[in-house]
Amino acid sequence: MIMKDMAIADKVTDNENCETVRQLFAFIEASPSPFHAVSNMKRELEAQGYTRLLEGNAWKLEEGGKYYVIRGGSSIIAFRIPKKDFRGFQIMASHSDSPSFKVKENPEIEVEEHYVKLNVEKYGGMLCAPWFDRPLSVAGRLVVKEGNKLVTKLVSVDRDLCMIPNLAIHMNREANEGYKYNAQKDMLPLYGCESAKGGFMAQIAEAAGVEEENIIGSDLFLYNRMKGSVWGADEEFMSIGKLDDLQCAFASLRAFLDSEDGKSIPVHCVFDNEEVGSGTKQGAASTFLLDTLLRINEGLGRTMGQYHQALASSFMLSADNAHGVHPNQPDKACPTNRPYINGGIVIKFSANQKYTTDGLAAAVFTQICNKAGVPYQIFVNRSDILGGSTLGNISGTQVALNTVDIGLAQLAMHSPYETGGVKDTDYLIKAAKEFFRAAIVEVGEGEYQLL
Ligand code: CO
């Protein structure tokens, strides 16, 4: 009887997981570029009554108000104000970009009057090999002239458009001995035959529904056309492009929208350009978050003193995906900290503070996970491997507050088709809901109370 009940309970959880994975796939497939990801989040926020603020206008904020602000078209911060006399900010940060290839200006290259290929350059540090032999397309944004105005239009060519074909094994017998990819030579996608010449931007214009001669600027990227897939003996794995970091961005938005109001201001924050060092006007190293927090404080008629008091009782989740133990390379992971897919939220540590987590931040976050009933696990690099960096320590140079670096375990990070677990997104949504509702109030030197 007990076994039967457990089996039913498992099924219910599975169904919940299925629905979340379905929504995650829908979000990622509708987000072939960071501009699309932000636009999709904006649509969701507006559907739930959030008001757009422009950085160039005065902000009139009200208790009970719900707002969002976009910078550069590819970074977004949403917040609401449950109480004018709030205790602090509960910020969850993630990123909208993923490694890809950016289409260069004047992209067409003719090959022997027979092929047209596209000139591209690397955006971020991708695994090159899995970009070969799969249908790709192009998406991004255009800047279009309309009278004396410059307007931005999203564009996505929603069909298989180009491909990077491998060289046959017969023409490179050493192909499986390790290959050094040359971005200018090996990675250019084939776009068409001779007749395609001169047609690329016309095709982009048509897809965007604008006149080609009115396009005066563009930011276009390749993206993988392969749809999401759920697989494995018990359908426990899922694969799709851009899990890093749209899985965290999706979970952050869902939790932000569904969380109850507490004594803090919940802040959903998604930065662009994490994959290229965050040093842009809309990146985590910019003043975007700082400016927004200051303007929230000012918009509510509070003093700078009150702003700094609030920061002392604020907390950030820097949410960016983590490496799970790899089944074929288990020795690449730290010997005593073994994060697995479907094992819960990963808390990331680094002695050099590439990850911001310290004993205190981890202690606070594990309490939140316990409250939410969500499992967590630990990631630390092997002591002889230099790991990556992420948002938290960079954002901390602009807005310094208690921060924990977390993520969800995945395999094949920075491949155009990454693998994660079907359970983990729900774990993060649950914990983030608890986080957004909480207040972490400084009550003494190194002493905090969780409200
Ligand atoms: Co990432």
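This is a predicted model: local features need pLDDT of at least 70, side-chain atom pairs count only at pLDDT 80 or more; totals for chains, interfaces and linings use all residues.

**Entry 1**

I started at D245, which is found in helix α4. For the record, helices (H or I, at least four residues) and strands (E, at least two) are DSSP runs numbered from the N terminus. The peptide bond from D244 to D245 is cis, with omega near 15°.

Residues are numbered from 1 along each chain as its sequence is written, and side-chain values use heavy atoms, with hydrogens and water left out.

**Entry 2: the cobalt ion**

D244 turned up again at the metal. I found the cobalt ion with protein donors H95 (NE2), D244 (OD), D320 (OD) and D320 (OD), at 1.9 to 2.6 Å. Donors here are N, O and S atoms within 2.8 Å of the metal (3.2 Å for Na, K and Ca); water is not among the atoms, so sites may look incomplete.

What spacing do the donors of the cobalt ion follow along the chain? I read it as H-x148-D-x75-D. D244 sits in helix α4 (residues 243-258) and D320 in the loop between β14 (315-319) and β15 (322-323), so this pair, 76 residues apart, links distant parts of the chain.

The angles among the four donor atoms run from 54 to 144°, and I logged the site as irregular. Four donors would count as tetrahedral with all angles between 85 and 135 degrees; four count as square planar and six as octahedral if opposite donors are over 155 degrees apart and all others between 65 and 115; anything else is irregular.

**Entry 3: α4 and its partners**

Next I checked α4 against α2 (residues 34-47): their axes come within 11 Å and cross at roughly 10°. Axes are lines fitted to C-alpha atoms, for helices over the stretch in contact, and angles run from 0 to 180 degrees between N-to-C directions. α2 and α4 are therefore roughly parallel to each other. Angles under 35 degrees count as roughly parallel, over 145 as roughly antiparallel, 65 to 115 as roughly perpendicular and the rest as oblique.

From α2, A37, M41, E44 and L45 meet L246, L253, F256 and L257 of α4, contact meaning heavy atoms within 4.5 Å. I sorted those residues into seven nonpolar, no polar and one charged. Ala, Val, Leu, Ile, Met, Phe, Trp, Tyr, Cys and Pro count as nonpolar, Asp, Glu, Lys and Arg as charged, and the others, Gly among them, as polar.

With α9, α4 packs at about 45°, axes 8 Å apart, which makes α4 oblique to α9. Residues in that contact include F250 and F256 of α4 and L428 and F436 of α9. By class I have nine nonpolar, three polar and three charged.

**Entry 4: α9 and α7**

Helix α9 (residues 424-437) also packs on α7 (residues 359-372), at about 115° with axes 8 Å apart. That makes α7 roughly perpendicular to α9. I noted I368, C369, K371 and A372 of α7 against K430, A431, E434, F435 and R437 of α9. The class count is five nonpolar, no polar and four charged.
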